[in-house]
Amino acid sequence: MVERIANLEFWKIILIVAAIIAVTALVIWGLLRLNRYIFKRIQKKHNGLQIVYFEKISGAIILIGGVILVFSIIGGIENVWKTLLGGTAIISAVLIFAAQDVVKDTVAGLMISINKPFEIGNRIELEDGTAGIVKDMTMRHVVLLGLDTQYYVIPNSKLNAMKLKNYSYHVETRSANFNFYVAYTTDVKQAMRVIKDAIISSEYSIPGKQTAHGADYAEIYFMSFEESSLRMATTVYFNSDTPSEILISDINLRVNQALADNGIEIPYNYINVIQKSEQDE
């Protein structure tokens, strides 16, 4: 009889614990939704790396606070506490060991968000050659969208220790240098006009060269006599949020088509192979 009462009390405690966990989970869910709503409002006015990172931090604090609250309440029920958390020394040791990387990444993420070597939307290239647009940052990692439309997830601690190139750092416009080659028989001035018109026609190029009369497109320059061609060169300006590979591809396509439409030859090296027959010998 006593055993049955003890079992009944045990299941009653389990139900109370389950109710506490369910209510706490509901409260946490509501607070996370509120947290997300507040930061979305903030991001409409100030959308920066710090805002993104601290949204993740505040969400983690809400989750950790909820877990601590649950365990503090359950801690008052001595028997259940001992049952659920038996061997706490071993569990604590395992958790501390597993949390080393988490703490390291979190601290590195905090340093990145404070120093801001890049912002969301910046195009960066790491020293190991990984390149892409910064799409998101969490407490543990940074997400890059690569040139091949694949996503790269890089731990904050690893990224924080790397050298990186930021092609969008404190600039509204970027630039790319182009070389175009035409045949020796080409009317050079005509080729320069054709190339410039093709560049201006691109939806990605913008007037970025500062002159006395304001911003303008860069001129096309006749740079050198090559072995089998004349080299034209210029700089094309474009917005910092435009992927460079898209601009380069578009400009090359337009210039290639414009030169062909105007009968301007793009020279290339070729080899004539002469095979002698037995009659020629």
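Predicted model: local features only at pLDDT ≥ 70, side-chain atom pairs only at ≥ 80, totals over all residues.
## The chain as a whole

Let's start with the overall make-up. The chain contains seven helices and 11 strands. Of its 281 residues, 33% are buried.

## Where two helices meet

Two packed helices are described by the angle between their axes and the distance between the axes. Here the pair to look at is helix α6, residues 188-200, and helix α7, residues 244-261. Their axes come within 9 Å and cross at roughly 140°. Because angles over 145 degrees are needed to count as roughly antiparallel, α6 is oblique to α7. The crossing of α6 and α7 is right-handed.

Which residues in α6 and α7 meet? From α6 come Val194, Ile195, Ala198 and Ile199, and from α7 come Ile251, Arg254, Val255, Ala258 and Leu259. Sorted by class, this contact of α6 with α7 has eight nonpolar residues, one charged residue and no polar ones.

## A closer look at Lys116

Is Lys116 buried, partly exposed or exposed? Its relative accessibility is 32%, so Lys116 counts as partly exposed, given that buried means under 20% and exposed over 50%.

Lys116 also has partners elsewhere in the sequence. Leaving out residues up to four places away in sequence, Lys116 touches Gln50, Met111 and Tyr169. The C-alpha atoms of Lys116 and Leu49 are separated by 7.0 Å, with the two residues 67 apart along the chain.

The backbone is worth a glance too. Most residues other than glycine have a negative phi. In Lys116, phi is near 50°, a positive value in a residue other than glycine.

How values were computed
Residues numbered from 1 in each chain as written. Heavy atoms only, no water. Helix = DSSP H or I, 4+ residues; strand = E, 2+ residues; numbered from the N terminus. Buried < 20%, exposed > 50% of the residue type's maximum accessible area, 1.4 Å probe, protein only. Axes fitted to C-alpha atoms, helices over the stretch in contact; angles between N-to-C directions. Parallel < 35°, antiparallel > 145°, perpendicular 65-115°, else oblique. Left-handed = near helix turned anticlockwise from the far one by under 90°. Contact = heavy atoms within 4.5 Å. Nonpolar A, V, L, I, M, F, W, Y, C, P; charged D, E, K, R; others polar.
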